[in-house]
Amino acid sequence: QAVLVSAGDGGAGVRFGETKLDGARVGFTEYPCEKALIEGEWRATRMRPCLTTVSATHPVNTQSFSDGPHSLVHCATDFAANHACTPARTVRIDNNPPAHPKAVAAAGGDGWRRVNDFDLAWENPGQGAASPIAGAPWRIVGPAGYDSGVRFAAGADRRSLANLSVPAAGRYSLQLWLRDEAGNEDPGTAVTIPLRFDDIRPEVRFSTEPAEAQVKAEVGD
């Protein structure tokens, strides 16, 4: 994550800039100054050796820090070794996707139904210090290679999907996982549940075999 920093000094100018996260250095910039090494010590070669206004970008590897709030500070040092820092700013880091949704169930159970309308509900896992749940990606796959593609249902702490449908009668599978506010998600945590739809009436026809003592009919669904 890029951190944009700047500093200004009305005297000798800014020599160093340092960014810290929870007290650990995560970025450092030495700005150009007109100086010379004399008797083992850096000395200015003019009255104002460094730039009076500076800026830099410090990339921070957030994966080195745990999920949750952290304290960000930037400090600057001028050529005369005067030092100043910004007030601490809280930044929130979340590098990990949510765990799988819990207790996923279709309203009315997962048996066959003749109405092409499916509603689902589930419980979200605890996020602790990480970012909250921001929505649920989902996907339906089924017969003849059917694939709805990944869809996304946004919503803070979303716990349900309503009015889902399938293209034709058959048995389908719905894959459901979660996304947090930091944009983390992992399809590998998906929970799969069946969607069974049948709006086709059974077929009935009389047997063409020779007549017997009883009437026979073949029935199939």
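This is a predicted model: local features need pLDDT of at least 70, side-chain atom pairs count only at pLDDT 80 or more; totals for chains, interfaces and linings use all residues.
**Salt bridges**

- Side chains of opposite charge can pair when their charged atoms come close.
- The structure contains 10 salt bridges.
- Asp147 is a partner in one of them, with Arg139, and their closest N and O atoms are 2.6 Å apart.
- Arg139 is partly exposed, because its relative accessibility is 27%.
- Glu185 and Arg179 also meet through their side chains in a salt bridge, at 2.5 Å from N to O.
- In this pair, Glu185 has 28% relative accessibility and counts as partly exposed, and Arg179 is partly exposed with a relative accessible area of 24%.

**The open sheet**

- Three strands form an open sheet in the order S10-S11-S14, and their pairing is antiparallel.
- S10 (102–106) and S14 (160–164) are the edge strands; each has a single partner strand, so one side of each has no neighbour in the sheet.
- On average, neighbouring strands of this sheet are turned by 10 degrees against each other, direction ignored.
- Three bridges link S10 and S11 (residues 118–123) in the antiparallel sense.
- Ala105 has Ala121 in S11 as its bridge partner.

- Glu123 and Arg159 form a salt bridge between their side chains, at 2.7 Å from N to O.
- Glu123 is in strand S11 and Arg159 is in the loop between S13 (151–154) and S14, so the pair ties together parts 36 residues apart in sequence.
- Glu123 is partly exposed at 44% relative accessibility, and Arg159 is partly exposed at 33%.

Note on methods
Residues are numbered from 1 along each chain as its sequence is written. Side-chain values use heavy atoms; hydrogens and water are left out. Two strands pair if DSSP finds at least two bridges between them. Helices (H or I, at least four residues) and strands (E, at least two) are DSSP runs, numbered from the N terminus. Axes are lines fitted to C-alpha atoms, for helices over the stretch in contact, and angles run from 0 to 180 degrees between N-to-C directions. A salt bridge is a side-chain nitrogen of Lys or Arg within 4 Å of a carboxyl oxygen of Asp or Glu. Buried means under 20% relative accessible area, exposed over 50%, partly exposed in between (1.4 Å probe, protein chains only).
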